[in-house]
Structure formats: C-alpha cells, structure tokens
Amino acid sequence: MAGIAPVVCVQNNYGVDAYREQDAFVRACGERGIAYVPFFALAGTGREAGASAAQGEAVEAVARAHGVTGHQVRLAWTLHQGPHVLAIPGTADLTHLEQNIAAEALTLIPEELKNPA
C-alpha cells in the first residue's frame, strides 16, 4: 500500500498533559518531514467540552512565571514541539486571537518543556 500515496500528515490527540508517550513519535514525524497536527492540545482533558479555566497546577505555575494565561502556555508548548507541529487553536473573539498570536512569542525554558502537566 505504500505506493498509493505518501504520508504527509498525522493527526492524533496530544498535548502537554495528554499522550506524552507519543513524544518520540512526534519527533520522528518531524525527522521524516511529516506534519503533525495534535487535536485537543489546548483543550487538554476537557476534550470536546473545550479548555477549562483550570489548567493544572504545573501549567498555571509556568503561566504565572511568564505573566501569561494557561492557554497561552499550552499553545506555546505545542508550537515548541517543532516546526512540523501545526496547532489549530479555537478563537472566539479578537482578544482571544491576540492572546493566541502573543503565545507564539513565548519562549519556554527546557525544564518547562519536559512535562509541565
């Protein structure tokens, strides 16, 4: 079946506090030039219900350290996984859009990237 079409993108449930056993797989996709699109990366355990105000103590601690929201930490963490990782954050209004854009500039230190969940 490999001759039918190349794999160009993988989409799985993945985030700072979900399915972290896939970390090596996500990196392997990047090494092979395959895009990775995590779903529920920002909603976390809220899944279809969406992201809740409570982000988990570790995510909130990182947010406090940077003066940003927990949602911005989740988005920044997702983007830090590599240029092949494509985040699809929901955006409800202009303020939320501005927060999402600002999250791109958030630089997390290696300790914050390991597993802030």
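1. Two residues are said to be in contact when heavy atoms of one lie within 4.5 Å of heavy atoms of the other. In this predicted model, that criterion identifies the residues through which helices H2 and H3 touch: Val59, Glu60, Val62 and Ala63 on the H2 side, and Gly70, Val73 and Arg74 on the H3 side. Sorted by class, the contact of H2 with H3 comprises four nonpolar, one polar and two charged residues.

2. The geometry of this pair deserves a separate remark. Two packed helices are described by the angle between their axes and the distance between the axes. For H2 (residues 57-66) and H3, the angle is about 95° and the axes are 8 Å apart. H2 is therefore roughly perpendicular to H3, because angles of 65 to 115 degrees are placed in that class.

3. H3 (residues 70-79) also packs with H4 (residues 94-103); their axes come within 8 Å and cross at roughly 45°. This angle makes H3 oblique to H4. The crossing of H3 past H4 is right-handed.

4. Which residues of H3 and H4 meet? From H3 they are Gln72, Leu75 and Ala76, and from H4 they are Gln99, Asn100, Ala102 and Ala103. The contact of H3 with H4 is made up of four nonpolar and three polar residues, with no charged residue.

5. The largest nonpolar core holds 16 residues, of which Tyr36, Val73 and Leu108 touch the most other members. Helices H1 (23-31), H2 and H3 each contribute at least two residues to this core. As general background, nonpolar side chains in soluble globular proteins tend to be buried together.

6. Val73 links several of the points above. This residue of H3 takes part in the contact with H2, and Val73 is also among the core members that touch the most others. With neighbours within four places in sequence left aside, Val73 is in contact with Val59, Val62, Ala63, Val68, Leu106 and Leu108.

7. Setting aside neighbours within four places along the chain, Leu86 is in contact with Ala35, Tyr36, Val37 and Pro38. Tyr36, one of these partners, is a member of the largest nonpolar core. The C-alpha atoms of Leu86 and Phe39 are separated by 9.7 Å, although the two residues are 47 residues apart along the chain.

Key:
Residues numbered from 1 in each chain as written. Predicted model: local features only at pLDDT ≥ 70, side-chain atom pairs only at ≥ 80, totals over all residues. Heavy atoms only, no water. Axes fitted to C-alpha atoms, helices over the stretch in contact; angles between N-to-C directions. Helix = DSSP H or I, 4+ residues; strand = E, 2+ residues; numbered from the N terminus. Parallel < 35°, antiparallel > 145°, perpendicular 65-115°, else oblique. Left-handed = near helix turned anticlockwise from the far one by under 90°. Nonpolar A, V, L, I, M, F, W, Y, C, P; charged D, E, K, R; others polar. Core = buried A, V, L, I, M, F, W, Y, C linked by side-chain atoms within 4.5 Å. Buried < 20%, exposed > 50% of the residue type's maximum accessible area, 1.4 Å probe, protein only.
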